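Here is a short briefing on one protein chain, written to be read with the model open beside it.

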Amino acid sequence: MRLFLLILFIVAQSKKPEKVLSEIYPDSKIEIKNIVISDLQAEKVKNLSGVEIDTRLITFYLVKSNSKIRAYAYVDVHIVRTHPEVVLYVLNERGEIELIQILSFKEPPEYMADENWLKYLKGKTLGKDLLKLRRDVPNMTGATLTAKAITDNARKVIALWKIIFGEAK
């Protein structure tokens with residue numbers, strides 16, 4: 001319960017995803033979509049990503065221009081070492097990572113992923129092999145736990161997109 005309250009507190013203090021998305025896509029409308037996934041869908045996400053999800057309520061931010069979806073965004077909160085990190089993952093209409101932005105990071109700043117490293121994930125998706133740290137994305141020296149958390153959760157977000165939006169296409 002304490003961890004849940006701490007995470008809520010951290011999320012409340014982080015940058016708001018709607019504001020960040022409005023800055024990235026200035027002429028677009030941001031729509032929040034809450035989706036409850038089934039146990040079967042959660043199992044598919046785990047099988048696709050190798051990451052277990054801890055909630056069935058999933059919130060995606062849809063970035064729309066002229067009623068057409070330009071991008072999908074998901075905010076993930078995870079523990080890096082001992083403190084939470086809040087990360088915004090943005091996917092394009094093909095389910096590829098468009099960008100990743102750190103909204104809140106409570107570990108020491110030297111462990112935080114910089115923009116250059118985050119760019120290694122741009123264009124990545126789930127192929128027949130999983131997106132893996134050190135194989136598909138280089139490690140960050142001295143910040144391995146951060147790199148692993150961001151890469152693992154990138155797989156989870158892509159798998160969620162694939163199960164929720166990709167299978168409908």
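Helices (H or I, at least four residues) and strands (E, at least two) are DSSP runs, numbered from the N terminus. On that basis, the protein chain has 5 helices and 5 strands, and its elements run α-α-β-α-β-β-β-β-α-α from the N terminus on. This is a predicted model, in which local features need pLDDT of at least 70 and side-chain atom pairs count only at pLDDT 80 or more, while totals for chains, interfaces and linings use all residues. Residues are numbered from 1 along each chain as its sequence is written, and side-chain values use heavy atoms, with hydrogens and water left out.

**The chain as a whole**

- Buried residues (under 20% relative accessible area with a 1.4 Å probe, protein chains only; exposed is over 50% and partly exposed lies in between) make up 43% of the 169 residues in the protein chain.
- The chain exposes about 9,500 Å², with carbon and sulfur atoms supplying 52% of it; accessible areas come from the Shrake-Rupley method with a 1.4 Å probe, and for residues only the protein chains shown count as cover.
- Counting contacts (heavy atoms within 4.5 Å) between residues at least 6 apart in sequence, 56% join residues at least 24 apart.

- The 5 strands form an open antiparallel sheet in the order 1-2-3-4-5, where two strands pair if DSSP finds at least two bridges between them.
- Strand 1 (29-36) and strand 5 (97-105) are the edge strands, each pairing on one side only.
- From one strand to the next, the twist averages 25°; axes are lines fitted to C-alpha atoms, for helices over the stretch in contact, and angles run from 0 to 180 degrees between N-to-C directions.
- Strand 2 (residues 57-65) pairs with strand 3 (residues 68-79) over 6 bridges, and Tyr61 stands opposite Ala73 in strand 3.
- Strand 3 and strand 4 pair over 9 bridges, with His78 opposite Glu85 in strand 4; a hairpin of 4 residues joins these two strands.
- Strand 4 and strand 5 are joined by 7 bridges, and Leu88 has Gln101 in strand 5 as its bridge partner.
- The hairpin of strand 4 and strand 5 also has 4 residues between the strands, and Gly95 there takes a positive phi near 80°.

**Strand 4 and its cover**

- Helix 5 (residues 144-164) lies across strands 1, 2, 3, 4 (84-92) and 5, at about 45° to strand 4.

**Nonpolar cores**

- A nonpolar core is a set of buried Ala, Val, Leu, Ile, Met, Phe, Trp, Tyr and Cys residues joined through side-chain atoms within 4.5 Å.
- The largest has 39 residues, of which Phe60, Trp117 and Ile150 touch the most other members.
- Helix 5 gives the largest share of this core, 10 residues.
- Residues touched by Trp117 include Leu133, Val137, Met140 and Ile150.
- A second, separate core of 11 residues includes Leu21, Val63, Ala73 and Leu103.

**Ser65 in strand 2**

- Ser65 is found in strand 2 and counts as buried because its relative accessibility is 16%.
- Its side chain makes a polar contact with that of Arg70 at 3.5 Å; such a contact is a pair of N or O atoms within 3.5 Å, where within protein one must be able to donate a hydrogen and the other to accept it, and residues adjacent in sequence count only if both atoms are side-chain atoms.

Terms used. Lists of a residue's contacts leave out its neighbours within four places in sequence.
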